[in-house]
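Please keep the sequence and the structure in view while reading.

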Amino acid sequence: MSSLPQEKIALHWFRRDLRWHDNRALHAALDSGHAVLPFFVFDRAILDDLNAKDDSRVTFLHDRLTSMDGQARAHGSGMWVEHGHPLDVLTSLCDRFDVAEVHTNEDYEPYASKRDANVREALKALGVAFHTHKDHVVKAPGEVTKPDGLPYTVFTPYSKRWHANLVEADLKSAPSENHLDALVAWGGKDVPSLQTMGFQRSAIEAPEALVELDVLKHYADKRDLPATRGTTRISVHLRFGTVSIRELAKLGFKHSEKWLTELIWRDFYQTIIHAFPHSAKDAFKPKYDRIPWRHDDAHFEAWKSGMTGYPLVDAGMRELNATGFMHNRVRMVVASFFCKHLLLDWRLGERYFAEKLLDFELASNTGGWQWASGSGCDAAPYFRVFNPTSQLEKFDKQLAYVHKWVPEFGTSRYPAPIVEHKMARQRAIDTYKQALASG
Ligand SMILES: Cc1cc2nc3c(=O)[nH]c(=O)nc-3n(C[C@H](O)[C@H](O)[C@H](O)COP(=O)(O)OP(=O)(O)OC[C@H]3O[C@@H](n4cnc5c(N)ncnc54)[C@H](O)[C@@H]3O)c2cc1C
């Protein structure tokens, strides 16, 4: 590390916006008239909770920050990366430098909202301004509301209002990439290694940050077919902001309304988690917390390892374990099987996804799981139970996806179903019915 700045500076705090281009908070910081020190914190509060030492998200972040540090150095600057608690890092940065203001992009999840409120207070006490900016959604929580000002809890009217409320500014780029000469000139310092943070490299590779126009063109027809390249696989990049949502939304407007609708689902779930933070842990509809979930370790283990005897479920779980990704249609099937056929608590399934998904995002994950369990906003009625065998016939008729992930399917090595469909379906309906009627 060398030549630390003496003059007044601004800080840009990177979180889920790991890119130099079209980054609103970074753009505002670069526009502040102060030289900008870009920094990132590997947050101990999050990292300490991760079970796997080769966690794929930590590797992804590490690779990305190393490459961003290289890009910053090419501009005579560098990324300030620390492993610690954000509040401690920020206060020590304010101690060390003459900080005029801190910029960051908004994050609507419960932990982040609390963290940012604490940071705001602490910076205020130090006389440092804290500016947050909308960046990782097109429409932020509070921007798409019912006429009475309350948040929508049903997707279709939300989506209509999303379109109606859209203004040019929502999609306007913030050309931060053109102002990188305003980064603080300093010698840089090493990004902490995975090992010093107690991690190892994961074998899981992220897909490229590229939306193929050919995929968008056929999206409406192919998006439900897990054996084809029918969806974009851009989710991890949206999660960590290595792509700009505004650029993607513009592609959606131009090439696929159907795909744009999926991006709007993402905004919708951000709104839900912000307005109803309890839904991260408890049923969105409280009466669903009365369901007497079964406790069955053997079934939970069979589901996790892709050994349920239902080939579409098993293929999905094995894809997840091997790649950190699962196709959306299959996520719906395995989650429904978990909550309905196995009658296991959706929270356990949600936590397993949270551990394994490279694109894990609390809002979409709890949204998806609560949709499957029936307890969520806008969920299907509880008595609609996906049949995993007819889902297979509909979406992987040629068994291409199943053969890829479950090569022993059709041989004596493949397990028999751990539950019988008809019995399990009826058991779910009866249990839900009774629980929802009580109290
Ligand atoms: C049980 C369950 C859990 C899920 N957990 C997550 C999660 O942790 N993180 C996550 O990003 N998505 C989650 N999803 C939503 C969806 O499955 C993934 O976003 C999608 O499979 C990612 O693949 P893709 O990038 O190829 O999607 P595409 O079909 O190409 O869609 C483009 C983008 O739109 C967004 N999107 C698509 N579908 C949804 C949806 N139903 N809800 C919200 N956003 C959506 C994603 O950001 C996605 O990358 C979950 C869905 C279910 C049913």
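Which residue of E4 does Leu11 stand opposite? Leu11 stands opposite Val102 in E4. The model is predicted, so local features need pLDDT of at least 70 and side-chain atom pairs count only at pLDDT 80 or more, while totals for chains, interfaces and linings use all residues. Residues are numbered from 1 along each chain as its sequence is written, and side-chain values use heavy atoms, without hydrogens and water.

**Strand pairing**
- Helices (H or I, at least four residues) and strands (E, at least two) are DSSP runs numbered from the N terminus.
- Strand E1 (residues 8–14) pairs in parallel with strand E4 (residues 98–105) over six bridges; pairing requires at least two DSSP bridges.
- E1 also runs parallel to E2, joined by six bridges, and Phe14 stands opposite Phe40 in E2.
- From E1 the chain passes through helix H1 (residues 24–30) to E2 in a right-handed β-α-β crossover, meaning a clockwise path from the first strand over the helix to the second with the strands pointing away from the viewer.
- Strand E2 (residues 35–43) pairs with E3 in the parallel sense over five bridges, and Glu82 in E3 is the bridge partner of Val41.

**Burial**
- Six of the seven residues of E1 are buried, that is, under 20% relative accessible area with a 1.4 Å probe, protein chains only.
- In strand E3 (residues 80–84), four of five residues are buried.

**Helix contact**
- Phe300, Trp303 and Lys304 in H13 meet Leu348, Gly349, Tyr352 and Phe353 in H16, where contact means heavy atoms within 4.5 Å.

Terms used
Buried < 20%, exposed > 50% of the residue type's maximum accessible area, 1.4 Å probe, protein only.
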